[in-house]
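Biologist: Can you put the model on screen? I'd like to ask a few things about it.

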Amino acid sequence: MKLAARMKAFSTSIFSELSIYIKQKCSEKNDMIDLSIGSPDLPPPPFVMEALSRYASDPKAYGYTLKGTREFHEAVAFYYQTAHHVSLHPETEIMYAIGSQDGLVHLPMAFADPGDIILVPDPGYPAYATGIAMAEAVPYFMPLRKENDFLPNLREIPQEIAEKAVLMFLNFPGNPVPALATEAFFREVVEFAKRYNIIVVSDFAYSELYYDGNKPISFLSIPGAKEVGIELNSLSKSYNMAGCRIGYICGNEEIIRILSKFKSNLDYGIFLPIQQAAIAALTEGASFCEQNRAIYQSRRDCFVDGLASIGWHVDRPKAGMFIWAEIPKGWNSLDFTYALIDRAGVVVTPGHAFGPSGEGYVRIALVEGEDKLLRAVEKLKQSGIFSAK
Ligand SMILES: Cc1ncc(COP(=O)(O)O)c(C=O)c1O
């Protein structure tokens, strides 16, 4: 069988590798606590599930939808206006995506030629690299460092790179690094994008997960942002609808027009009952989001305090779904991850899987209830890793 050369860019994901290893370990009767994948463990609000089942029993709901319904577009516009004070034209500035992943991986194909440079956060969400590989473009890593509050330093990007760059991915609150953008940083991004003619792609999938009142800023709320970019958002994390596969892209009208044209060749829309469920979530979900935040905040506090009590001091995230934990000295992130599985029965994700700057960290997803998180702390304590190192 002849494989396309571009397949060299795709290796088995770290999650598959870990899952094979865990399966093997579980057959040895290990009670493993998996905090590696960021799939929400909680259900969507009941009114969302009701909307889905109500429309699922309508025999007329089973055709191709081809694009987002008018009501879905209006619900997105309503959400952006009420939650982020951003006005969006429902018809021209919004389009559906089959989860924001769909938008992220396909976007470079529409805007980058082979060899073009795409600026990506390092560490960053792996879908950016997937999209870049599919378009045969070239990533340029923007390191996220603790001393710069995990924001990329645009002044460090060499001029010849900036001149060749066509897209810049940004992600705040981020995965795996739960950083938040400041308004000043976003203003700098707008200026940079205008100077070098770069399209900014803001991944806002964690817009509703924030703590202690640290509300994330929508890139589109910054003056001039709509002239240079788009924002992707999702129902997956905000309303626990990850399996529904529904998200959206909004912002610059011309970019949306080009993407919609491209996407009309890729798929035939999202199942109507899922769109109806998303409309219910976007228009009536504000108090659910508040309750959901309270649950994650309490999990975060219980786990961060628990880790501190055994001598592992990690930063308390202000937003997002993850703890980005510096690992004890003397380990690399992969060996440390396997040691946690072998000796504690706790699964996390090694930081290097998100890019070269992820070495020295692991990502921990807050996807279990407090009882299980405390149990994980207990197992980590008993492993002896923290007293031994
Ligand atoms: C930063 C980020 N963006 C996008 C996605 C994709 O989410 P979905 O395709 O479910 O909208 C994820 C999923 O984990 C993510 O972490």
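What follows is a short chat about the ligand and the nonpolar cores.

Biologist: Where does this model come from?
Modeller: The model is predicted.

Biologist: OK, the ligand. Which residues come nearest to the ligand?
Modeller: There are 14 residues around the ligand, and N175, D203, Y206, S234 and S236 come nearest.

Biologist: How far is the polar side-chain atom of S234 from an oxygen atom of the ligand?
Modeller: That distance is 2.6 Å. A polar side-chain atom of R245 lies 2.7 Å from a ligand oxygen, and one of S100 lies 2.8 Å from a ligand oxygen.

Biologist: And how much of the ligand does the protein bury?
Modeller: The protein buries 92% of the 390 Å² that the ligand exposes when taken alone. The space the ligand takes is the largest pocket.

Biologist: Switching topic: which residues have the most contacts inside the largest nonpolar core?
Modeller: Y80 and L119, in a core of 65 residues.

Biologist: What is Y80 in contact with, leaving aside its neighbours within four places in sequence?
Modeller: Its contacts include H85, F204, L220, E231 and Y248.

Biologist: Which residues does the second core include?
Modeller: That separate core has 37 residues, among them V304, L366, L380 and I385.

Definitions and conventions:
Residues numbered from 1 in each chain as written. Predicted model: local features only at pLDDT ≥ 70, side-chain atom pairs only at ≥ 80, totals over all residues. Heavy atoms only, no water. Core = buried A, V, L, I, M, F, W, Y, C linked by side-chain atoms within 4.5 Å. Buried < 20%, exposed > 50% of the residue type's maximum accessible area, 1.4 Å probe, protein only. Contact = heavy atoms within 4.5 Å. Near = heavy atom within 4 Å. Polar contact = N/O pair within 3.5 Å; in protein donor to acceptor, adjacent residues only side chain to side chain. Areas by Shrake-Rupley, 256 points an atom, 1.4 Å probe, with all protein chains shown as cover. 1 Å grid on protein atoms, 1.4 Å probe; cavity = no way out; pocket = protein on both sides within 12 Å on 5 of 7 lines; lining within 4 Å. Sits in = over half its atoms within 2 Å of the grid points.
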